Amino acid sequence: MSLAVGLRSWVRKEWFLMALVGAVALASAWPDLGRSGGLLRLEVVSNWGVALVFFLTGLGLSAAALRDGALKWRVHLLVQLSTYALFPLLWWGFTALFGRWLPPDLALGFAYLCALPSTISSSVAMTVLAKGNVPAAIFNASVSSLLGIVLTPLLVTLMAGTSGATLPFGEAVWKLTQLLLLPLLAGQLLRPVLLRFYTAHKSRITLIDRWVIILLVLSAFSDSVASGLWRDHGAELLVKAALGAALFLAVVIVLSRLAARAMGLSVEDEIAAVFCGSKKTLASGVPMAKLLFGAHPAVGVIVLPIMFYHQLQLILCSWLAQRYAARVSRA
């Protein structure tokens with residue numbers, strides 16, 4: 001395979017990562033393009049884009065698969081405790097050890113990372129690749145997303161002493177319900193009518209999710225750059241965000257694997273528990289950040305940890321999924 005063919009193949013595979021980097025670069029070079037009140041007026045389309053993403057998520061959720069995975073209560077317990085208890089506990093230890101070297105906005109970003117729900121798409125995809133319990137993965141990732149509507153703003157409030165910087169807790173939950181839960185339920189209700197269309201155009205529909213996230217990242221970083229992000233921090237901020245995200249991911253994967261084996265889970269159930277319990281959602285994380293921290297001048301810094309965590313979890317979990325798949329095949 002020639003270098004050009006290999007490069008084209010890599011670009012097709014990693015275009016989303018490149019687009020995220022490009023959005024940060026564009027915001028850094030031209031913040032007036034995407035900032036609130038800027039040329040693109042992205043604050044006008046943000047809410048509609050978020051609602052559309054969750055409507056499409058609702059269309060894609062299979063009620064039958066959720067029912068099939070509902071009985072694995074030990075898997076559910078481990079996943080939800082990892083997502084909403086282990087991560088916050090690790091955050092307190094993390095800040096006790098490293099908080100003195102973190103800018104306050106980045107520390108808030110790590111608190112936000114630890115409060116986020118699991119991700120549906122990559123959790124299920126990795127479980128499939130690893131030959132794990134797919135119905136349990138679908139159930140847990142979906143339940144985690146629903147719980148996050150209440151638990152994410154609550155945990156951010158408890159960990160960082162803020163109710164989303166601008167919204168009281170109750171108002172934050174209500175706004176998330178309007179823009180996340182209601183569109184998701186609408187997608188579920190319309191699934192029987194639109195399923196054939198969704199299935200036929202799934203690859204194109206997936207692109208909508210990605211482009212909404214890219215626009216939200218452009219908006220968030222444009223506001224932050226305009227408020228002095230790089231003037232006040234610089235490249236050191238990126239290094240700290242990447243190292244912190246890697247540390248959280250490695251520790252959670254190790255602890256969730258040990259817990260699964262201590263609970264006596266089968267290999268297939270362990271796979272679902274590890275991949276769902278260690279994942280954090282970029283697809284929901286960036287829209288939720290815009291809702292919870294929209295008026296915060298450093299919202300771009302707040303989403304940095306989840307942006308790094310998202311890429312790292314894909315790389316590490318892809319490698320881990322191949323090892324799990326080989327183990328299942330040998331059994």
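**Close-up 1. Helix α6 packs against helix α12 at an angle of about 30°.** In this predicted model, α6 spans residues 104–115 and α12 spans residues 235–262, with their axes 11 Å apart. Helices here are DSSP runs of H or I with at least four residues, numbered from the N terminus. Axes are lines fitted to C-alpha atoms over the stretch in contact, and angles run from 0 to 180 degrees between N-to-C directions. The two helices are therefore roughly parallel to each other, a label for angles under 35 degrees. The crossing of α6 past α12 is right-handed, meaning that the near helix is turned clockwise from the far one by less than a right angle. On the α6 side, look for L106, F110, L113 and C114; on the α12 side, L237, K240, A241, G244, A245 and F248 make the contact. Contact means heavy atoms within 4.5 Å. By class, this contact has 8 nonpolar, 1 polar and 1 charged residues; Ala, Val, Leu, Ile, Met, Phe, Trp, Tyr, Cys and Pro count as nonpolar, Asp, Glu, Lys and Arg as charged, and the others, Gly among them, as polar.

**Close-up 2. Y112 belongs to the largest nonpolar core, which has 87 residues.** A nonpolar core is a set of buried Ala, Val, Leu, Ile, Met, Phe, Trp, Tyr and Cys residues joined through side-chain atoms within 4.5 Å. Y112, L180, V217, F221, F248, F275 and F293 touch the most other members. Leaving aside neighbours within four places in sequence, Y112 is in contact with T152, V156, S284, G285, M288, A289, L292, F293 and I302. A second, separate core of 10 residues includes V75, L78, A137 and A272.

**Close-up 3. Y309 sits in helix α16 (residues 304–330).** Its relative accessibility is 0%, so Y309 counts as buried; buried means under 20% relative accessible area, exposed over 50%, and partly exposed in between (1.4 Å probe, protein chains only). Not counting residues up to four places away in sequence, Y309 touches F87, L113, A245, F248, L249, S278, K279 and K280.

**Close-up 4. L129 lies in helix α7 (residues 120–129).** With 41% relative accessibility, L129 counts as partly exposed. Beyond its neighbours within four places in sequence, L129 is in contact with S318, A321 and A325.

**Notes for all views.** Residues are numbered from 1 along each chain as its sequence is written, and side-chain values use heavy atoms, with hydrogens and water left out. Because the model is predicted, local features need pLDDT of at least 70 and side-chain atom pairs count only at pLDDT 80 or more, while totals for chains, interfaces and linings use all residues.

Note on methods: Angles under 35 degrees count as roughly parallel, over 145 as roughly antiparallel, 65 to 115 as roughly perpendicular and the rest as oblique.
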